[in-house]
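Have a look at the sequence and the model first, and then we'll go through them together.

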Amino acid sequence: QVQLVESGGGLVQAGGSLRLSCEASGIIFSINDMGWYRQAPGKQRELVAAITSGGSTNYADSVKGRFTISRDIAKKTVSLQMNSLKPEDTAVYYCNANVRTSIIARFTTYWGQGTQVTVSS
């Protein structure tokens, strides 16, 4: 089994910063893409940022220039540095990862339990 555990959420004023971290553990042979999604009340879950095993990144237009995703392959972690936060960034943020548990297994997507980010105006 694979577990993803997020940390770093909280309450911050508009214009402030937060850093989210996510660590993968369990039976892991390799990890392909890792990413962060978010879901605000009454809205669908949306991609915030993703990073490949080669380090290529992809961001939602709404966070470009403000958020930075990074990963440590050896530590099996992915982080999201969030600067210049806005009230509309308020959501539950979820980490995900495409994981292969053995050399013959297919990649499977796993999700963390989510961490709340609240930005006050």
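## The disulfide

A disulfide here is a pair of cysteine sulfur atoms within 2.5 Å. Searching the whole structure turns up one disulfide. It is formed by Cys22 and Cys95, with the sulfur atoms 2.1 Å apart. The link between Cys22 and Cys95 is left-handed, at -75 degrees about the S-S bond. Cys22 sits in strand β3 and Cys95 in strand β9 (residues 91-100), so the pair ties together parts that are 73 residues apart in sequence.

Are these cysteines buried or exposed? Buried means under 20% relative accessible area, exposed means over 50%, and partly exposed is in between (1.4 Å probe, protein chains only). Cys22 is buried, with a relative accessible area of 1%, and Cys95 is buried too, at 0%.

## What kind of model this is

This is a predicted model, so to speak of local features we need pLDDT of at least 70, and side-chain atom pairs count only at pLDDT 80 or more, while totals for chains, interfaces and linings use all residues. Residues are numbered from 1 along each chain as its sequence is written, and side-chain values use heavy atoms, with hydrogens and water left out.

## The chain as a whole

The secondary structure comes to zero helices and 11 strands. (Both are DSSP runs numbered from the N terminus: helices are H or I with at least four residues, strands are E with at least two.)

The chain has 121 residues and a radius of gyration of 14 Å, which agrees with the value near 14 Å for a compact globule. That radius is taken over C-alpha atoms, and the globule rule is 2.2 Å times the number of residues to the power 0.38. Along its principal axes, the C-alpha trace spans about 50 × 25 × 25 Å. Of the 121 residues, 39% count as buried.

## A four-stranded sheet

Four strands make an open sheet in the order β1-β3-β8-β7, with antiparallel pairing. Two strands count as paired if DSSP finds at least two bridges between them. β1 (2-7) and β7 (67-72) are at the edges with a single partner strand each, so one side of each has no neighbour in the sheet.

Inside the sheet, six bridges join β3 (residues 18-26) to β8 (residues 77-82). Leu20 has Leu80 as its bridge partner in β8.

## Strand β7 and its hairpin

β7 also pairs with β8 over six bridges, in the antiparallel sense, and Thr68 stands opposite Gln81 in β8. The hairpin of β7 and β8 has four residues between the strands, and Lys76 takes a positive phi near 60 degrees there.

## Around Asn96

Asn96 is found in strand β9. At 10% relative accessibility, Asn96 counts as buried. Leaving out residues up to four places away in sequence, Asn96 touches Leu4, Asp33, Met34, Gly35, Tyr37, Thr109, Tyr110 and Trp111. A contact means heavy atoms within 4.5 Å.
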